[in-house]
Amino acid sequence: MSVNFAHEIDERRPAGTDQVVLQVEGLKVYYATPTGDVRAVDDVTFQIREGEIVGLVGESGCGKTTTAMAILRLVQSPGRIVDGRILVDDVDIARLNERELRQIRWTKISLIPQGAMNSLNPVMRIKDQIGDAIETHEGRQPRQALKERILSLLSTVGLPSRVYKMYPHELSGGMKQRVCIAMAIALNPTLVIADEPTSALDVVVQRVVGETLLDVKNRLGVSMILIGHDMGLMAQLVDRIAVMYAGHLVELADVYSLFREPLHPYTQLLIDSIPSIKERKPLKLTEGITHDLRNPPPGCIFQLRCPHVTDKCRTVVPPLLEVAPSREVACHLYYDA
Amino acid sequence: MAGLTPQYVLRRLGMFLLTIWLGATIIFIIPRLAPGDPVAAMVSRLTAQAGYIENSAEIIAAWRERFGLDGPLWVQYLAYMRNMLTLDMGYSLSSFPSRVDEMIFSALPWTVGLLSVSTILSFLAGNAIGALMGWPRVPRWIRALLPTSLTFTSIPFFMLGILLVYLFAYELRWLPPTGAYGRGLTPGWNWPFIKSVIEHGILPVLSIVVTSMGFWALGMRGMIITNQGEDYMILAEAKGLRPSRIFLRYGVRNSILPQVTALALSLGGIAGGSTLVEYIFAYPGMGYLLYQGIVNTDYTLIQGIVFMLILGTATAVLILDLLLPVLDPRISYER
């Protein structure tokens, strides 16, 4: 197995404390369609520890964003949370009423949205958009104090103070994304969900935004869920990686082990498909097709594309089990070992 | 004054002047393309009334000179433009000694009042109804009820006007059927007069508002629903903002922008369409005057009124144009 990005990983990075800030248990999110429910997220369980960044990767449509939106209870209709618990500080977000939910949003969990281009209200100044998040949760603030607070947030993400008075259309994509980061940390949340924060940006700006995220995390000790396809960015930023396939979590491991020795056949294919500068190789991931998400086959979710598929995979669902320290995988190949 | 830059204001002012010049030129040219001329038409009408008029040829020549119709076209045009700039519109052909500008200026306040009140009310009510129809948090029974308020949209407003007159003025006798104020009242800032003006205004305003607000409501509803999918709406919800704030500052605030543009576009039609309403209610405004002008083939009167309509519409569009960058900071940057 090639280790394309392992050299970029800094093994000395502190991997957070053992304090759990987010516990997701048996989360199921289905989208209603005329021909049955699409199981976008099916029985996903994981936890985020204090001060760590967990990457959530997988192909388009595998349920990454839906998982993130479910944590904020922002799944848009026709989607709905069918089952599961989302615990933040022992509070189950899935059970909160609307008022309690509003109070926990942004104070405990904030969002760096996918596509910052359109995530800012075009007719409000940046200061008002950051300010309304602060004032909604902390009440009316003295003008000067609020201004200084917003300015310091902007400088935290490396934006000049003139951004304070600007409108979104006066900013570049990277600046908008950093405004979103500043907004996300405005209330010192326990957890920040960054949904593909760099996907709409060019590579240079991607790096700047990535560094900003890392800097924010190191300074504030905030926990993060980083969603994306960019394995290079993941290698640079995250402590642990969760790999999703067709609504299921198939592997969860610290980033170094995962890149060095991916266990799940899907993860192996995923890492193998990272283009290498040194050699040309065919893209392997196109082999096989994903099953119909409305009607998953019995047994393992990856059986239709898996090169190691056995009869057991076609009947028994492999649970996500810890097969080595800080290594969880949902695959029959590893349970006996 | 967010995006209101000097270049933007200058450009809009330029467009304003260009529109008026073009409009004035067109209403100068059009009557001259038609066969015959107003003086001959008037004299022939007088002839028809009196049976025979002596020296009709000389009368025509004298009047032509009097109205400045004997010079070359460009001299006429320059004189015409000078007169228009000073709002000197000459004499009415049908009621000769009265001047067109005097007739217009006594009618103008009524039309401006009627149209501005009914347009603003219709815009506000329609957009409020539309926004509530499109907002998913509004209780279902309200959303089911709202469309019934729009059923009158399919009725032409002059038909509704007749219906309203029959119901409220003739059957119930709650409101006066015609005119702008009661007989025997002296116009001025006194309460009986103002009260009478309001009473006389209710039916015409109502007939315009009720029939036109559906247009705004449907547009607004569509905008609000489209807006729901915008990323900033989802982020606003993620921020835990109060629903009222998300609705007003994020939803309505963004949805109103195309509505204001549509308002600017529809102003010309509103001014023209008021003629029938004023006619039905015998409201002494510009529309009623225009109707009289057309019936009496009073060219100078028609010319003056059409020019004032162009001027009024262009002014309203200018005001909206200057308002738009304040509402939407992106506008003045667009070329």
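Colleague: How many residues of chain A are in contact with chain B, and how many of chain B are in contact with chain A?

Modeller: In this predicted model, 29 residues of chain A are in contact with 24 residues of chain B, and the two chains bury about 2400 Å² between them, with 59% of that area on carbon and sulfur atoms.

Colleague: What makes the pair Asp132(A) and Lys239(B) a salt bridge?

Modeller: The closest N and O atoms of Asp132(A) and Lys239(B) are 3.0 Å apart, and the rule asks for a side-chain nitrogen of Lys or Arg within 4 Å of a carboxyl oxygen of Asp or Glu, so the pair is called a salt bridge. The count between chain A and chain B is 4 salt bridges, and there are also 10 residue pairs in polar contact between these chains, both residues being at pLDDT 80 or more.

Colleague: Which elements of chain A each supply at least two residues of the side that touches chain B?

Modeller: These are α2 and α3 (126–138) of chain A, and α3(A) gives the most, with 5 residues. By class, the side of chain A that touches chain B divides into 13 nonpolar, 10 polar and 6 charged residues.

Colleague: Turning to chain A by itself, why is it called as compact as a globular protein of that length?

Modeller: The radius of gyration of chain A is 20 Å, close to the 20 Å that the globule rule gives for 337 residues, so chain A is as compact as a globular protein of that length. Chain A has 9 helices and 12 strands, and its C-alpha atoms fill a box of roughly 70 × 50 × 40 Å along the principal axes.

Colleague: Which domains does the domain assignment give for chain A?

Modeller: The assignment gives domain 1 (1–108 + 192–288 + 320–337) and domain 2 (117–188), and the C-alpha centres of these domains of chain A lie 27 Å apart. The contact takes 17 residues from domain 1 of chain A and 14 residues from domain 2 of chain A.

How values were computed:
Residues are numbered from 1 along each chain as its sequence is written. Chains are lettered from A and ligands numbered from 1 in the order in which they are written. Side-chain values use heavy atoms; hydrogens and water are left out. Domain bounds come from an automatic or database domain assignment. Contact means heavy atoms within 4.5 Å. Helices (H or I, at least four residues) and strands (E, at least two) are DSSP runs, numbered from the N terminus. The radius of gyration is taken over C-alpha atoms; the globule rule is 2.2 Å times the number of residues to the power 0.38. Buried area is the accessible area (1.4 Å probe) that two parts lose on being put together, summed over both. A polar contact is a pair of N or O atoms within 3.5 Å; within protein, one must be able to donate a hydrogen and the other to accept it, and residues adjacent in sequence count only if both atoms are side-chain atoms. Ala, Val, Leu, Ile, Met, Phe, Trp, Tyr, Cys and Pro count as nonpolar, Asp, Glu, Lys and Arg as charged, and the others, Gly among them, as polar.
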